[in-house]
Amino acid sequence: IPLFCALLTATVFGSGEMEELPIGVIDMDTSPTSRTIIRMLNSSPTLDITTYPTSQQEALEMIRRGEIYGYVVLPRGLTRALIEGRSATIPYYYHYALMGVGGEVATTLRTALTMVSVEPIVEGAIARGTTPRQIRSVVEPIEVEIHPLGNPTLNYNTYLSAPFFFIMYQIIIMLSTLYVVGCEREEGSAREWIACAGGDVVVALAGKLAPYSLCFLLTGIGAVAVLQLFGALTLGVWHTIGAMVLLVGASMALALFIYGLVPVMGVAMSLVSMVGSLGATLCGVTFPLGAMAPFVERLALALPIRHFMLLLQGEPYAISVPSAEWPHIVALVAFCLLPLPLLPRLRRAIISRKYEEKIG
């Protein structure tokens, strides 16, 4: 299942860019100028004009039904206003409840319509004999060059596939660890299990979890290979595998720590699921932690996935220098040692039936 999820997340974004997002155009001007604007909008690989509503009410209904992500209104009298040199307004609307799609539609429409707005100026200047270089110095006095760091093509696959997979993988590791330990108690074989280890809970847990640890590591290495193959990872393979090994150990230890605090399997499973799911928000991928309340940013450091993400993305995205990775490595190692103080309590809880008896 994790390998399938790695393949799914690595391929779900396709080319890595949003393409052919459906929009509508309300053409009230029905002129050669409006048709030129429509062709200009449709030439963008990001947009695809799929419908021509007759009113704004109809266009809004189509947005609500999810048929389009936005629409442009070419008002009546647009051509006449441009010919007479008067200002004209071309309003556009987009669905910003879907922030990623809405932002992409808005940016593309703004860029395309900005080109439309300067077209009359350019044509008039050319008619008066102005050179293209002079026109450009007036229309675009400052030339802006954008160089995205770490992900020059702004590929969604690189930004999101690896984080989404490892967030999901951490949840699977924590739930599996909790289940394979807790099922001994649920099935009444816990005393025999501890006895086989000579009464040493460390030996019992090591023997119980060793094959699962190996399974998690091999699956994680396979997932790293899949993500690397589809371009979803920008960090070196060995660096990623090293960070993944620490994440596996920290996640298993955190699950044992929670079970040691709350030795009731049903409650512990719910807590593990909640802690794992919080990683989707607090790892800082879907929303920057710097924009959240300060205590939330500090709370995020209590999750292994946050430290893992900083290792995964810090150097490639120029978020941190290599020397700044050591605190996160130390933090993940500390998570691996987290359940040690609770091992005596965990041993008593494993061989005891009092919690289940009270519930029953």
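Is Phe165 buried or exposed? Phe165 counts as buried, because its relative accessibility is 0%. Buried here means under 20% relative accessible area, exposed over 50%, and partly exposed in between, with a 1.4 Å probe and protein chains only.

Some ground rules. This is a predicted model, where local features need pLDDT of at least 70 and side-chain atom pairs count only at pLDDT 80 or more, while totals for chains, interfaces and linings use all residues. Residues are numbered from 1 along each chain as its sequence is written, and side-chain values use heavy atoms, leaving out hydrogens and water.

The overall picture. The protein has 16 helices and four strands. These are DSSP runs, numbered from the N terminus: helices are H or I with at least four residues, strands E with at least two. Of the 360 residues, 42% count as buried. Take contacts, meaning heavy atoms within 4.5 Å, between residues at least 6 apart in sequence: 73% join residues at least 24 apart.

Now helix α13, residues 304-313. 10 of its 10 residues are buried, so α13 is largely enclosed by the rest of the structure. Among them are Arg306, His307 and Phe308. The cover includes α7 (156-186), α10 (237-261), α11 (265-282), α12 (294-300) and α14 (326-336).

Next, the rings. Rings of Phe, Tyr and Trp (its six-membered ring) pair if their centres lie within 6.5 Å; planes under 30 degrees apart are stacked, over 60 edge-to-face, the rest tilted. The whole structure holds six aromatic pairs. One of them is Tyr71 with Tyr93, stacked, at 4.9 Å centre to centre and 25 degrees between the planes. That pair links distant parts of the chain: Tyr71 sits in strand β3 (residues 70-74), Tyr93 in strand β4 (residues 92-94), 22 residues apart. Tyr71 counts as buried because its relative accessibility is 1%. Tyr93, at 34%, counts as partly exposed.

Back to Phe165. Phe165 and Phe166 pair edge-to-face, at 5.1 Å centre to centre and 70 degrees between the planes. Phe166 is buried too, with a relative accessible area of 0%. Phe165, Phe166, Tyr169 and Phe308 form one aromatic cluster. Phe308 is one of the buried residues of α13.

Lys208 lies over the face of Trp193, at 6.0 Å from the ring centre. The test is NZ of Lys or CZ of Arg within 6 Å of the ring centre and within 35 degrees of the ring normal.

Phe4 lies in helix α1, residues 2-11. Phe4 counts as exposed, because its relative accessibility is 55%.
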